[in-house]
Amino acid sequence: MKRFQSIDSLRGLVMVIMALDHVRDFFHTTALTANPTDLNTTTPALFWTRVITHLCAPTFLFLSGVSVYLNKTENKRQYLLTRGALLILFDFTLIAFGLFWSFQSLLFNVLAAIGTGFILLAFLYRVPKKVLLIIGILLVVGNAFLPIPGLTAPTAFPLSKSILFIVGYPPLPWFGIMLIGYAIAPQFLEKKTWIWGIIGLFLFFLLRFWEVKDFDLLNLFNVNKYPPALSFTLLTLSVMALLFSYFQRRPSHFLNVFGRVPLFYFIVHWYVMHILLFAYLLIEGFTPSQFEFGQNLGRPGSWSGVELPNVYLAWILTVLIMYPLCQLYYKKGRIKYI
């Protein structure tokens, strides 16, 4: 499949941003006790740290749809079914362990949402793109009117006494974003996406002025991700379109290093962050016996975490470590499905 540097740069950017949110989960003082977008408890710096990372998941799903369009594999259905099943498997194994260091919780998160989308698209990719675009828009808009736990709304339920199954990314609205990406891929790859971005932002502000009662800047951008509200999707995909237009003219070699091996980066960065967390805790005087895994992510119950400036330092260190790893993986023989 032909590589588009603009796609690699855009994907690389959101992967770098994504790591900031995950580092915050591992290190920040209130990561396990408070919602960073709760305007009653958050700070402006923490709020914007979280909001900028909203860009990541919609971009991943949208570009996954574009990638399906670009993929010229002879047996596309088989490819999508295999790739989709592996992504779901990775989410329940490598990602679950990388996040929790245990299997007490299984997450249906972004990889599983992409994998499910691939499986569904394996049976739909030959449907006319105009039809798929309408279906995608209906799925994106409709989840607010038909909340079905596990399909259009997040849910959690026990699989056993010791294992909790969490659907963080209900598949249907996220599949809608993938469908939109697939349906408009030919037009998206042209050099006028900045127009779409401006129109989308205009619609976002119209919608938010209608939705928000107590108007201020934080309220305006406090959009719901779980599940993705229409305002959330308009905002993130509009910003994505503007960024893509920029990278069409000025691709970034630095970001391309991450963007051309997205799955490798996504899997490995969890383990890099955990190693950094363990190293920091050992320096602080904690012992491995004090690490609490599962929902605590390895953080000792008595550890108060670090403030936001140190979260940013840990994020920069994570990205710097991932850079040579991604370079090496790309150059020295990539595993087919990673």
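The legends below describe close-up views of a predicted model.

**View 1. Packing of helix H4 against helix H13.** Helix H4 covers residues 76–100 and helix H13 covers residues 262–283. Their axes lie 9 Å apart and meet at an angle of about 10°. H4 and H13 are therefore roughly parallel to each other. On the H4 side, the contact is made by Arg 83, Leu 87, Phe 90, Leu 94, Ile 95, Phe 97, Gly 98, Leu 99 and Phe 100. H13 contributes Leu 263, Phe 266, Ile 267, Trp 270, Tyr 271 and His 274. Sorted by class, the residues of this contact are 12 nonpolar, 2 polar and 1 charged.

**View 2. Pairing of strand S3 with strands S1 and S2.** Strand S3 spans residues 164–167 and pairs in the parallel sense with strand S1, residues 105–108, over 4 bridges. In this pairing, Ser 105 stands opposite Leu 164 of S3. Strand S2, residues 155–158, is also joined to S3 by 4 bridges, but these two strands run antiparallel. Pro 158 stands opposite Leu 164 in S3. S2 and S3 form a hairpin, with 5 residues between the two strands.

**View 3. Helix H7 and its surroundings.** Helix H7 runs from residue 171 to residue 183 and has 13 residues. From its first C-alpha to its last, H7 reaches 18 Å, close to the 18 Å expected at 1.5 Å a residue. The helix is mostly covered, with 12 of its 13 residues buried. The buried residues are Pro 171, Pro 173, Trp 174, Phe 175, Gly 176, Ile 177, Met 178, Leu 179, Ile 180, Gly 181, Tyr 182 and Ala 183. Among the elements that cover them are helix H3 (56–70), helix H5 (110–121) and helix H6 (129–142). The cover also includes strand S1, helix H8 (185–188) and helix H11 (230–249).

**View 4. Tyr 246 in helix H11.** Tyr 246 is found in helix H11, a helix that takes part in covering the buried residues of H7. Tyr 246 has a relative accessibility of 38% and so counts as partly exposed. Lys 191 is 55 residues from Tyr 246 along the chain. The C-alpha atoms of Tyr 246 and Lys 191 are separated by 9.3 Å.

Key: Residues are numbered from 1 along each chain as its sequence is written. This is a predicted model: local features need pLDDT of at least 70, side-chain atom pairs count only at pLDDT 80 or more; totals for chains, interfaces and linings use all residues. Side-chain values use heavy atoms; hydrogens and water are left out. Two strands pair if DSSP finds at least two bridges between them. Axes are lines fitted to C-alpha atoms, for helices over the stretch in contact, and angles run from 0 to 180 degrees between N-to-C directions. Angles under 35 degrees count as roughly parallel, over 145 as roughly antiparallel, 65 to 115 as roughly perpendicular and the rest as oblique. Contact means heavy atoms within 4.5 Å. Ala, Val, Leu, Ile, Met, Phe, Trp, Tyr, Cys and Pro count as nonpolar, Asp, Glu, Lys and Arg as charged, and the others, Gly among them, as polar. The expected span of a helix is 1.5 Å times one less than its number of residues. Buried means under 20% relative accessible area, exposed over 50%, partly exposed in between (1.4 Å probe, protein chains only).
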